[in-house]
Amino acid sequence: MDYVNLGASGLKVSRIALGMMTFGTSEWRPWVLGEDAARPIVKRAVELGVNVFDTANMYSAGVSEEITGRLVREFAVRDEVVVATKLFFPVEMGFKGQNSPGPQPTPRPNRQGLSRKHVFAAVDASLRRLGLDWIDLYQIHRFDPATPIEETMEALHDVVKAGKVRYIGASSMWAWQFAKMQQAARDHGWTPFVSMQNHYNLLYREEEREMIPLCLDQGVGLLPWSPLARGFLAGNRGRDDKSAGATSRAQTDEIAQRFYYQDSDFAVVDALKNVAQARGESMARVAYAWLLARPGVTAPIIGPSKVRQLEEAVSAAELALSADEVKALEDAYRPHPVLGHT
């Protein structure tokens, strides 16, 4: 495993990050796996040199953080690994994400967002669930238009100075919002973001327009989420997934149905299949290799449900695609509406 600096910071991270949203309780989402399924995957990840474990307080209403903390303590050397979590959304079993269909729970005051009050409460709650003394990378899950930027950035700076957090990062938002938050930190001498966890894969490349150039200019590392487009780029998605999907997640993942499934998405998958077959590689491995070679990408956040899927992702760091292969993969892409943070 190769290790690189996260953006312009001194934090060393593996080229692959293990996403822990897959692990929690199926009460939250039907495809989520329990701790027994997570244990061999986390153990193997540590053996392979993966040192970034990414979760969020909202995943399985906090159960994902509990599992992450227990397994990190069981298998990893604490000073070597990077435990990352996020705040913004409410932590309750009825809330399954802002893009999930159906009615959302009634918002409760001060239980979400990026106010000073909520930042302080959320970091303490995450530390309790994780069972750790500090969080290595504390990320804002979304931008909060209801809270002044200065209030958020000072609160994040304060939890760093209190020793509860080592570094801070952000996730999907408009580039101008991220630029304003970074500028506020610079203006006041507060802690800046070192990472951006954004929606980026072969099926969704709108981040190449503004966010990625901004991050490259500012020395911010990219930790793309959904590198396989929620399984689409593994080749196990079809137009009739709702009725006859190849996996339980394909049949029940309403968010994927909203994000992808355009005709042009299947054209990209066809191009990926052709490149993979010509090389004798899996589609997933080629998709990871493409992403790992993109400018600014530090570590894609993968979500394996099986050990072999983890091993496949880690091995993709050794795969170099030719210019012709990259062109074949990219030519089928068509612009998408902005997805993931609206």
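**Ring pairs and helix packing**

Visitor: Which residues do ring pairs link into a cluster?
Guide: The cluster joined by ring pairs consists of F232, Y260, Y261 and F266. Rings of Phe, Tyr and Trp (its six-membered ring) pair if their centres lie within 6.5 Å; planes under 30 degrees apart are stacked, over 60 edge-to-face, and the rest tilted. This is a predicted model, in which local features need pLDDT of at least 70 and side-chain atom pairs pLDDT 80 or more, while totals for chains, interfaces and linings use all residues. Residues are numbered from 1 along each chain as its sequence is written, and side-chain values use heavy atoms, without hydrogens or water.

Visitor: How many aromatic pairs are there in the whole structure?
Guide: The search finds 10 aromatic pairs. In one of them, F232 and F266 have ring centres 5.1 Å apart and planes at 55°, so the pair is tilted. F232 belongs to the loop between β9 and α7, whereas F266 is in helix α10, 34 residues apart. Helices (H or I, at least four residues) and strands (E, at least two) are DSSP runs, numbered from the N terminus.

Visitor: Are F232 and F266 buried or exposed?
Guide: F232 and F266 are both buried, that is, under 20% relative accessible area, with exposed over 50% and partly exposed in between (1.4 Å probe, protein chains only).

Visitor: Why is α11 described as largely enclosed?
Guide: Helix α11 (residues 283–292) is largely enclosed by the rest of the structure because 10 of its 10 residues are buried. Among them are R285, Y288 and W290.

Visitor: What do the buried residues of α11 pack against?
Guide: Their partners are α10, β10, α12 and α13. Contact here means heavy atoms within 4.5 Å.

Visitor: Changing topic, at what angle do α4 and α5 pack?
Guide: Helices α4 (residues 149–161) and α5 (residues 175–188) pack at about 65°, with axes 9 Å apart. Axes are lines fitted to C-alpha atoms, for helices over the stretch in contact, and angles run from 0 to 180 degrees between N-to-C directions.

Visitor: Which residues make that contact?
Guide: On α4 they are I149, E150, T152 and M153; on α5 they are K180, M181, A184, A185 and H188.
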